[in-house]
Structures are given as C-alpha cells and as structure tokens.
Amino acid sequence: EELTSLIITDQLPTGLVVADPANVTLSGFAGGSVTANPGSTTISMSGLSLSLADGWVDGWVGVNVTAKSPGTKTDHLTNMNSVQGTPFSVSAYTTIDVVTPPSISTVFSPGSVDASGTSNLYFTITNPAGNDAALTGVGFTDSLPAGLSVASATSSTCGGTLTTDGTSGSISLSGATIAVDSTCTFAVSVNAHPAGYYTVASAVVSTNGGSGNTATANLSVHSAPIIGASFGASTITVGASTTLAF
C-alpha cells in the first residue's frame, strides 16, 4: 500500500519565518515538492508519497527557519490530506525557546578627573523584556587602556565571578545569571594616571542568549593645575611694602 499525494500545510508561529536560504531537505518520500519562500510564515508540501510495502516507513521534510522575536514558539501542525483519505486527523507539536542576548551599558562617574584621580566605572547588564528564560553564563572581559588601573570593585549583583587585576588592568565577569526582565549593576573604581582621553569597551556574552552589544565608556583625565607664589622682593624693611604674586 502507498500513501500518495500527501498535502501538508504548516503555519509557523508568530516570530518565526522561513530562513534565507531555506535549505529544504526531503527524505524518505517518493517525490513531492515543498514551497518555503524566505520570509514566509507558511510551509506547504504537496505530492509527497510513502510506500508502506515493507511496514512502517518514515519520511521527513527539513526547512530552516529564522527567529524574529523572543519567547517560546510552539509549532502546531494539524493540516494533512492525501488521495486515500482526506483529511487526516493529525496533531503534532514542537516547541523552541528564542532568547534575546543580554545588553550592557557602561559609564564613568565622574567622567572627568585630574591626573592621579579616581573615577567609578559602572556596568549595567540587562536581560531584555520578552525573554521567557533567565540568561545564564553571562560575562565579559575588559582590558583597561594603559594609563588606567583598577583600584577596587564592588560585588556583582549578577552573581557569577567578578575578577579584577590592578596590575594588568583587566576586569572580567563570568558565570553570571540574570532573571527574566531584570537588570544588575556593579562598579569598579579606576585610578587615572597621565592626562589623556580614555575609552573602555565592554562586549557582553551569554551561554543561552549568545553575544550581545558592545558598550563604551569615556574618561577625560586632565593635568592638575599648578599654582605658585612669590614676593616682589626677597627683603624689605619694617613699614615697607612689596608685591605678593600668585
């Protein structure tokens, strides 16, 4: 016996579309075609045939899809027909979690200090709204530019391990977890040495959300003012006057 001219239509859940390229794959079917246009939310299969002469036979169709929004996506296939019996009563489910990467922002406060002064470098990491799961394995690694060094650090409210090195100027966070729609903030105190304009770049990553953005923070370090004083004469008599200059 053979199932011939199978017709299957799948309406993708909101937030999933056919990828570009779709990379359509057919296996186990004797003929048939698949319509899966990049960007479309519908996958249509027609003319698929399965021979049942040797008992149970599997056939499968593969189509690449692209996630357009975060959240849990459930594909529910209910529409299948064939020449032998139409329609078939089918119900197939498959679920995938789509996770948005973490985002990071950084800022120096104050943004301008004297040479040999200290500024706080604040980090804020966010699990974006729309995610249905906590972000895990969140972290980043910074290397401060020459002229800046780590003075001290607060504990990370993200959990994980925050490591700083006052000699190399490295700042790293690893193994952090950020709950759904939540934010964590921590600070590192930075010593500024020669005058100049410094930029720190931080690229955040996570295990289940992939790579997020790269944030930058700028610090202006200026030379401390120098003040001097001098009298107009090295010696004067009682009752005489001279100039005191600054």
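The legends below describe close-up views of a predicted model.

In this predicted model, local features need pLDDT of at least 70 and side-chain atom pairs count only at pLDDT 80 or more, while totals for chains, interfaces and linings use all residues. Residues are numbered from 1 along each chain as its sequence is written, and side-chain values use heavy atoms, with hydrogens and water left out.

View 1. Strand 10 covers residues 103–109; strands (E, at least two residues) are DSSP runs numbered from the N terminus. Buried means under 20% relative accessible area, exposed means over 50%, and partly exposed lies in between (1.4 Å probe, protein chains only). Strand 10 runs antiparallel to strand 12 (residues 118–126), and 7 bridges join the two. Strands are said to pair if DSSP finds at least two bridges between them.

**View 2. The surroundings of Thr106.** Thr106 has a relative accessible area of 10%, so it counts as buried. Leaving aside neighbours within four places in sequence, Thr106 is in contact with Leu121, Tyr122, Phe123, Ser202, Ala215, Thr216 and Ala217; contact means heavy atoms within 4.5 Å. A polar atom of the Thr106 side chain lies 3.4 Å from the backbone oxygen of Thr216. This is a polar contact, defined as a pair of N or O atoms within 3.5 Å; within protein, one must be able to donate a hydrogen and the other to accept it, and residues adjacent in sequence count only if both atoms are side-chain atoms.

**View 3. The hairpin of strands 18 and 19.** Strand 18 (residues 196–206) and strand 19 (residues 210–222) run antiparallel and are joined by 10 bridges. The two strands form a hairpin with 3 residues between them. Ser202 has Ala215 as its bridge partner in strand 19. Ala217 is also found in strand 19, and it counts as buried because its relative accessibility is 3%. Apart from neighbours within four places in sequence, Ala217 is in contact with Thr106, Val107, Phe108, Leu121, Tyr198, Thr199 and Val200. The C-alpha atoms of Ala217 and Pro145 are separated by 12 Å, although these residues are 72 apart along the chain.

View 4. Most residues other than glycine have a negative phi, and most peptide bonds are trans. In the loop between strand 2 (16–18) and strand 3 (25–27) lies Pro21, which is joined to Asp20 by a cis peptide bond with omega about 5 degrees. Asn23 is in the loop between strand 2 and strand 3; its phi is positive, near 50 degrees, and its relative accessibility of 45% makes it partly exposed. The peptide bond from Ser109 to Pro110 is cis, with omega near 0 degrees, and Pro110 lies in the loop between strand 10 and strand 11 (112–114). Asp181, in the loop between strand 16 (170–178) and strand 17 (183–192), has a positive phi of about 55 degrees. Asp181 is exposed, with a relative accessible area of 54%.

Key: Helix = DSSP H or I, 4+ residues; strand = E, 2+ residues; numbered from the N terminus.
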